[in-house]
Amino acid sequence: MNRVAIVGAGAIGGYLGVRLALAGARVGFIARNRNLEAIRSGCLRLLTPEGGEEHAPQITAAATGHELGVQDAVLLTVKAHQGEDVLPTLDGLLGPETAVVTMINGVPWWYFHGRPGPHAGRALRSGD
């Protein structure tokens with residue numbers, strides 16, 4: 001696995017991105033707003049428990065998947081309520097061999113789909 005796209009540049013995505021880049025992966029983030037600009041300007045850093053910092057300057061960032069191209073793996077590291085909104089950004093990232101790993105934080109809107117019991121058929125607006 002050489003090319004890894006991380007969708008979501010929060011705590012989980014940021015941590016994984018720096019660690020994967022330091023291990024030799026070509027990491028690209030799908031991000032927005034301030035996170036997108038910070039990564040593009042080289043400001044993504046990982047603070048270590050010992051008080052140090054680790055930087056992975058070769059990390060790239062884009063607003064859409066088309067900017068990064070087809071990846072070997074795509075990690076979805078957004079909150080559950082953001083899942084539906086990020087789907088369009090995946091265009092361009094996925095090829096026939098791309099692995100997609102969900103690391104979604106929270107209860108997704110589709111959680112009760114197909115489940116029996118008192119919440120059968122219920123759709124959540126969001127959950128965390």
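How many helices and how many strands does the protein chain have? The protein chain has four helices and seven strands. The model is a predicted one. Read from the N terminus, its elements follow the order β-α-β-α-β-β-β-α-β-α-β. Of the 128 residues in the protein chain, 37% are buried.

**Sheet**

- An open sheet is formed by five strands, ordered β5-β2-β1-β6-β7, with parallel pairing.
- The edges are β5 (60-62) and β7 (99-102), each of which pairs on one side only.
- On average, neighbouring strands of this sheet are turned by 20° against each other, with direction ignored.
- Strand β2 (residues 26-30) runs parallel to β5 and is joined to β5 by three bridges.
- Gly28 has Thr60, in β5, as its bridge partner.

**Helices on the sheet**

**Nonpolar cores**

- The largest nonpolar core holds 18 residues, and those touching the most other members are Val27, Phe29, Ile39 and Ile59.
- At least two residues of this core come from each of β1, α1, β2, α2 and β6.
- Leaving aside residues up to four places away in sequence, Ile39 touches Ala9, Phe29, Ala31, Leu44, Ile59, Thr60 and Ala61.
- Another core, of eleven residues, lies apart from the largest one and includes Ala5, Leu68, Val86 and Leu90.

**Largest pocket**

- The space in the largest pocket is about 470 Å³.
- The lining consists of 21 residues, of which Gly8, Ala9, Arg32, Val78 and Gln82 are the closest to the pocket centre.
- Helices α1, α2 and α4 (83-86) each contribute at least two residues to the lining of the largest pocket.
- The most is given by α1, which supplies three residues of that lining.

**Contacts along the chain**

- Among contacts in the protein chain with a separation of 6 or more, 64% are between residues 24 or more positions apart.

Terms used:
Residues numbered from 1 in each chain as written. Predicted model: local features only at pLDDT ≥ 70, side-chain atom pairs only at ≥ 80, totals over all residues. Heavy atoms only, no water. Pairing = 2+ DSSP bridges. Axes fitted to C-alpha atoms, helices over the stretch in contact; angles between N-to-C directions. Core = buried A, V, L, I, M, F, W, Y, C linked by side-chain atoms within 4.5 Å. Buried < 20%, exposed > 50% of the residue type's maximum accessible area, 1.4 Å probe, protein only. Contact = heavy atoms within 4.5 Å. 1 Å grid on protein atoms, 1.4 Å probe; cavity = no way out; pocket = protein on both sides within 12 Å on 5 of 7 lines; lining within 4 Å. Points joined across faces, edges and corners; volume = space filled by probe spheres on them.
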